[in-house]
Amino acid sequence: MITSTVLASGAVSGGEAVTFWILAPLALAGAIGMVAARNAVHSALWLVLTMLSLGVFYVLQAGPFIGMVQIIVYTGAIMMLFLFVLMLVGRDAADSLIEVLRGQRIAAIGLGVGFAVLLGSGVYRATQDSTPVGLEQANAGGNVQGIAQLLFTDYVFAFELTAALLITATIGGMILAHVERRKEDKRDQVATMKARFAPGNYPGPKPGPGVFATSSSVATPARLPDGRLSDRSTPDILPVRELTAEETTLKGTEK
Amino acid sequence: MNPMAQAPSLTDFGHDPWWLILGKIVFAFVVALLGTLLGVWFERRVVGFMQVRPGPNQLGPFGLLQTLADGLKMAFKEDILPKSADKVIYFFAPAISVICAVTALSVIPFGPMVSVFGHQTPLQVTDVPVAVLVVLALSSMAVYGIVLAGWASGSTYPLLGGLRSSAQLISYEVALGLSIVAVFMLAGTMSTSEIVAAQGQGITFNLFGADIQGPGWYAVLLFPSFVVFFISIVGETNRPPFDLPEAESELVAGFMTEYSSLKFALIMLSEYVAMVTMSAFTVTLFLGGWYAPWPISLWSGANSGWWPLLWFFGKVILLVFVFVWLRGTLPRLRYDQLMRLGWKVLIPVSLVWIVVLATWLKAQDWERNDRLVVLGIVGGIGLIAALFWPSRKPQPKPTLVEQVENRPQGSFPLPPLDLQVPPSPRTRRMVAEREPANAPAGQDSQEV
């Protein structure tokens with residue numbers, strides 16, 4: 001099974017060069033834009049651009065698996081979590097323009113450019129005359145299969161250690177963020193309902209005056225389901241009174 | 001004819017002339033657009049049928065042109081840009097969704113090797129060794145369209161929709177990826193065309209000494225993965241019952257509340273293209289791709305030439321129907337239910353299933369005795385666990401009268417249990433005074 005890409009050979013093909021010269025400026029622009037953007041979400045999006053370009057670079061350099069994983073994991077999951085947090089913080093979260101240290105920005109730009117030139121020239125001089133070897137051998141059994149074989153043989157310990165580290169970090173974060181509540185503090189639905197209907201607690205809203213009563217007067221107390229009078233239904237300033245039979249008889253005006 | 005001769009492998013890609021590549025790309029694009037055009041109509045008709053009403057039936061035969069008319073109407077509507085919107089991102093967000101949804105169709109195999117003007121070429125735009133990961137990457141990029149649309153609108157409901165969708169899609173992507181791992185393990189490849197080819201062979205397994213020819217579809221062989229995968233893609237495409245980002249009863253229209261005109265049309269387009277793409281992806285991974293289903297596959301010519309296009313799109317339409325069916329049947333989940341299903345059900349089930357499958361695949365190479373020993377150990381542990389599993393004895397339920405009698409003093413009073421509320425004196429009096437309406441019949445009625 002030939003699964004290595006066509007671009008895996010040592011020589012730089014035309015398509016590879018074209019893709020590189022299109023995406024390299026984009027990747028750089030993304031990096032600069034990330035630093036320069038005032039808005040936090042814009043910064044994150046510039047970084048997404050850089051990460052996408054890097055993913056394509058990996059694919060170009062005969063590492064299709066790592067390229068796609070870069071896009072899925074970094075761009076799709078990690079940056080999405082960043083965005084999630086940024087959106088929670090609020091859309092107006094922007095950098096302030098006040099310079100705390102005088103001349104810091106100029107100095108940072110100068111040092112950054114100098115470092116980039118140093119690094120770039122160093123890498124350029126180091127790789128100028130070298131020819132890439134071993135790409136075909138590495139991808140001989142297929143790119144994914146090759147990575148899997150290395151991960152599960154030579155690097156299995158490092159791989160598992162990284163996994164343990166990540167899990168520890170995750171659990172640590174969860175413990176720090178977790179608000180411990182004692183068991184008796186938590187009331188589930190059943191307990192809430194039991195407390196609601198416990199003796200001495202009135203479970204419902206206060207009955208309106210006149211409900212199930214013999215008169216619609218505000219002063220007439222409501223009747224509880226078993227027929228007793230409830231003094232919760234009448235205003236405190238009014239005396240609770242039951243109307244006499246004479247008072248409740250119809251006055252003969254309804255006909 | 002050997003059916004495997006028709007199945008393309010990775011070496012068959014990359015030899016097409018430019019016009020053929022262009023033609024394939026246009027074909028995939030047209031599939032996406034037609035899928036949307038017909039998909040909206042299909043959904044409205046099917047949901048109409050399920051709700052016992054006609055659905056769109058005026059424009060064109062069976063109302064087929066209704067979507068076209070709606071699209072034209074949308075194009076001529078006013079394009080509103082909210083004052084507080086982030087203009088650039090607001091503009092680009094729908095485009096991101098559409099591009100990601102359409103691009104994913106490029107690695108879907110529509111059919112086997114066919115002859116186009118003398119060129120032998122696979123019916124697939126392209127294939128790479130990690131084609132399945134390409135689809136996953138694109139679907140994870142499509143989230144940006146929704147999230148950014150919600151954020152850039154600069155208003156509350158879209159922001160809430162965007163937040164919901166980012167958390168939801170990340171959760172369901174994990175389950176999606178885990179369910180595909182089982183397919184990789186069985187197929188031994190991540191290229192879509194080779195996964196389809198692996199399903200075309202069928203499997204032979206040894207049951208009590210007899211060789212039995214089994215089906216090759218991974219939906220059958222990897223049924224738990226298939227179930228998890230399908231639930232996940234429903235969540236991934238924001239379709240009901242997982243359409244919380246646009247829950248219209250809570251968030252107006254969610255992330256697309258502020259969108260109008262062509263941008264809104266683009267969002268709708270991306271939603272339906274994603275549905276078609278994900279259905280095609282499911283068909284590729286689990287339902288045998290373009291291979292003919294069982295009764296048709298008895299015909300020897302079913303899997304060659306242009307026929308497989310028919311089987312492929314038939315399966316896709318069937319899956320789109322299931323999507324619509326789910327929408328017509330299930331109520332929307334609450335957000336905590338959605339998260340619980342994703343993290344506490346789908347992901348653990350996937351993980352356990354992968355371990356079981358890996359053990360099973362590994363055990364194929366073992367000696368018969370070793371296999372029996374392992375089976376015995378696992379079965380024994382299971383049996384002991386089942387024996388000593390703490391069981392909760394159901395308490396005998398007290399009767400209603402007992403419950404009433406056991407209530408403590410001072411409880412809320414109950415109405416009488418025989419449900420006979422004593423009539424109020426006023427009612428009694430009025431009944432007595434009134435002339436009886438149904439007076440006992442007199443002599444006349446007896447005579448008749």
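Helices (H or I, at least four residues) and strands (E, at least two) are DSSP runs, numbered from the N terminus. What you see here is a predicted model, where local features need pLDDT of at least 70, side-chain atom pairs count only at pLDDT 80 or more, and totals for chains, interfaces and linings use all residues. Residues are numbered from 1 along each chain as its sequence is written, while chains are lettered from A and ligands numbered from 1 in the order in which they are written.

View 1. Residues 44-65 of chain A are 86% helix and 0% strand, with end C-alpha atoms 24 Å apart. For residues 155-177 of chain A, the figures are 96% helix and 0% strand, and the ends sit 33 Å apart, again C-alpha to C-alpha.

**View 2. Chain A, element by element.** Count along chain A and you'll find nine helices and two strands. Starting at the N terminus, the order is α-α-α-α-α-α-α-α-β-β-α. Of the 255 residues in chain A, 16% are buried (20 or more other C-beta atoms within 10 Å of the residue's own; 12 or fewer is exposed, in between is partly exposed, and C-beta atoms are placed from the backbone).

**View 3. Helix α4 of chain A.** This helix covers residues 104-127 of chain A.

**View 4. L28(A) in helix α1.** Helix α1 of chain A, residues 14-36, holds L28(A). L28(A) counts as partly exposed because it has 13 C-beta neighbours inside 10 Å. Now look for Y202(A): it is 174 residues from L28(A) in sequence and 69 Å away in space, C-alpha to C-alpha.

**View 5. Where chain A meets chain B.** Here 30 residues of chain A are in contact with 33 residues of chain B (contact means C-beta atoms, placed from the backbone, within 7 Å). On the chain A side, α3 (64-89) and α6 (143-152) are the elements that give two or more residues. The largest share, 13 residues, comes from α3(A).

**View 6. V130(B) and the largest nonpolar core.** A nonpolar core is a set of buried Ala, Val, Leu, Ile, Met, Phe, Trp, Tyr and Cys residues joined through C-beta atoms within 7 Å. The largest one has 120 residues, and V130(B) is among those touching the most other members. Helix α4 of chain B (residues 131-152) gives the most to this core, 18 residues. Setting aside neighbours within four places in sequence, V130(B) is in contact with P64(A), F65(A), M68(A), V144(A) and M190(B).

View 7. G71(B) belongs to helix α2 of chain B, residues 66-75. With 16 other C-beta atoms within 10 Å, G71(B) is partly exposed. G71(B) and L262(B) are 191 residues apart in sequence, yet 8.3 Å apart in space, C-alpha to C-alpha.

Conventions:
Expected span 1.5 Å × (residues − 1). Contact = placed C-beta atoms within 7 Å.
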